[in-house]
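Good morning, colleagues. Please look at the sequence and the model first.

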Amino acid sequence: MKQTLRSTGIEVIGNIPWGTHFCHFYQTEEDLLSMQVPFFQTGLENNEYCIWVTSEQTTVENALNALKVKVPDLDTYYERESIEILSHRDWYLTNGRFELDNAIQSILDRLRIALDRGFEGLRLNGDEAWMDNKTSHDFLEYESSLNPAIAGKRLIISCSYQLAKCTATDVLDIALLHESAVSKRKGRWEILETPQLIETKAQLNLERELLEKRVAKSTKELSRITQQVKKERSERKKTMISLRKSQLHLKTIVDTADIAFVLFNSDSHVLLFNEIASYWSTLSFGVPLKKDIYFPDLLNEKGRSRFIEMMDTVLSGQSLNYETSYQGQGDSLEWYQVSIYPVMDDDGKAVGVSCAASNITRDKLVESEHERLSGQLVQHNKDLDKFAFILSHDLRAPLANMLGLAKMLKDTNVPESEKSELEGFLFQSIEKLNDVVHNLNRILELDRTPSLKKENIDLTELVNEVSAQFKPVIKQNTIRIITDFNRANNINSVRGYLYNIFYSLISNSIIFGLQRKPPVIEITSEKEKDRLIIYFKNFGKANYQKGKKTEHGSYKKISVPDKSNGITLYGVKNKIEFLGGSISVRTLPGSGKEFRMELPYE
């Protein structure tokens, strides 16, 4: 997969892909700053989150002053929290000690924060001049672990080493652990050759010098032989260099790719693998890959059976492409796109299996979120259709009555004695229409709560507060509101929404209950696991018996309109679903109703 190249700001290095880990060697503070300042200047300009870790060689204050020279508006980047400049004690050391796992995890945590805040990625440089003999071994192990840890991630990491503190062996070891190394030579920054190639050249030069000394003392015949040997040596050298370059290119491509590669023999043992494959193995199975390991031993029983069946299929000459998932060390699944091909010998016989896998977990999460949002959109459209139907239903009846009564009042044949009664009916229809419009306004406003912040709510206090709004009509019509919240009296939720839900249900029960007989309203609650269940019942007085359990029919999803106010119930249902809950209703003896509301407890 083609990777986007990022500018390093360092001329000798140029552009590199994400996931690159390189180092440079310096002698003076001037040399150090000449690499670090353009490195971070470019990172800031390219919307990357930057972390500069200093040591005694360059203090935090010196680093800040040097960067301000090249970045005059550095204060603006600080206000945006685009850069951190830290000492090595604050970054590498925990309680005065260097801990490998914490160091790598700190980088990955900072990357996650950077991406969440909209940065392109993370750029980090650490000056390692603070190391001593006690910490150098652990730190080199950390350097070795960085390559697989940052592979395929939006990270660019450079490490600075002071040459005065490095032996020749140190330089070779350090350069080997990085994808490239930069040092100053004759006043110019140059990319160093890999340690292996340097060693090979040095050995060849030594052999050549010894050979030339022997040839100088030989006869003409030996001179002829020497020339032949030189030619062979030259060809051998070219072949070795060419081979080494090819190996380095292949290794760079394989190790820096965000695709895992594994080569199995026909017996399912691992022959070759790249670092990202081993890293994913650790994430998925808890152990890294090793050469000659029997891969089915890493899998559970179901996965082992499936893998053996797959190997048989591919060794028969077929290729496979599929998606699969493995349970990671946490609770989440890791998804992979896998391509498997047989490896054939010259006779066309399958002698092994090549497997390439790319992690598609993020794509799967995006796909799942897209499906979830699509489902919500479909449901919202259905709800809007229901709301339009409810609104039409609740408005049609009073409007039809008003039109009919108005025509009758205009009719000159209607006796005057009947017009007073017709006017009374007309005002009733107007009041009904006003109630509908009032409830519609409450739905559209949702509530007047200035914030949807959740808080701890005492249900007894909330219902008493709502009931106080209906005190005159409750007293005049001897309406009873009975509550029992002894089993669950508190919930962490949005107060304004709960207030509106209780207000709507109590109002609805009073208004439509009074058309028959004064109602008795009973509100109780209980807790089931992480859900709060609220039961809201309304009875006629003749049908209520305190403490008696009412059973009549099963709960059903609310389907409006019904004899009660459809807009009111739509608003209640809409708010409960917004809070992550659900509501259902069933009929009680004597035309009473019981609403069952489930809400998240926390």
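I shall speak about aromatic pairs, then charges over rings, and finally one serine.

The model is a predicted one, in which local features need pLDDT of at least 70, side-chain atom pairs count only at pLDDT 80 or more, and totals for chains, interfaces and linings use all residues. Residues are numbered from 1 along each chain as its sequence is written, and side-chain values use heavy atoms, with hydrogens and water left out.

Let me begin with the rings. A pair of aromatic rings is described by the distance of the centres and the angle of the planes. Here, rings of Phe, Tyr and Trp (its six-membered ring) pair if their centres lie within 6.5 Å; planes under 30 degrees apart count as stacked, over 60 as edge-to-face and the rest as tilted. By that criterion the structure holds 22 aromatic pairs. Phe 98 and Phe 139 are one example: their ring centres are 5.4 Å apart and their planes stand at 50 degrees, so this pair is tilted. Phe 98 belongs to strand 7 (residues 97-98) and Phe 139 to helix 6 (residues 133-150), so that distant parts of the chain, 41 residues apart, are linked. Helices (H or I, at least four residues) and strands (E, at least two) are DSSP runs, numbered from the N terminus.

Are these two residues buried or exposed? Phe 98 is buried at 10% relative accessibility, and Phe 139 is buried at 0%. Buried means under 20% relative accessible area, exposed over 50%, and partly exposed in between, with a 1.4 Å probe and protein chains only. Both residues also belong to a cluster that ring pairs form with Tyr 92, Trp 130 and Tyr 142.

A second pair, Phe 285 and Phe 295, is edge-to-face, with 5.9 Å from centre to centre and 85 degrees between the planes. Phe 285 lies in helix 10 (residues 275-285), whereas Phe 295 lies in the loop between helix 10 and helix 11 (301-315), so the pair ties together parts 10 residues apart in sequence. Phe 285 is partly exposed at 23% relative accessibility, while Phe 295 is buried at 10%.

I turn now to charges over rings. The criterion is NZ of Lys or CZ of Arg within 6 Å of the ring centre and within 35 degrees of the ring normal. The charged end of Arg 123 sits over the ring of Phe 39, 4.7 Å from its centre. Likewise, the charged end of Lys 527 sits over the ring of Tyr 601, 4.0 Å from the ring centre.

Finally, Ser 509 is located in helix 16 (residues 495-513) and is buried at 7% relative accessibility.
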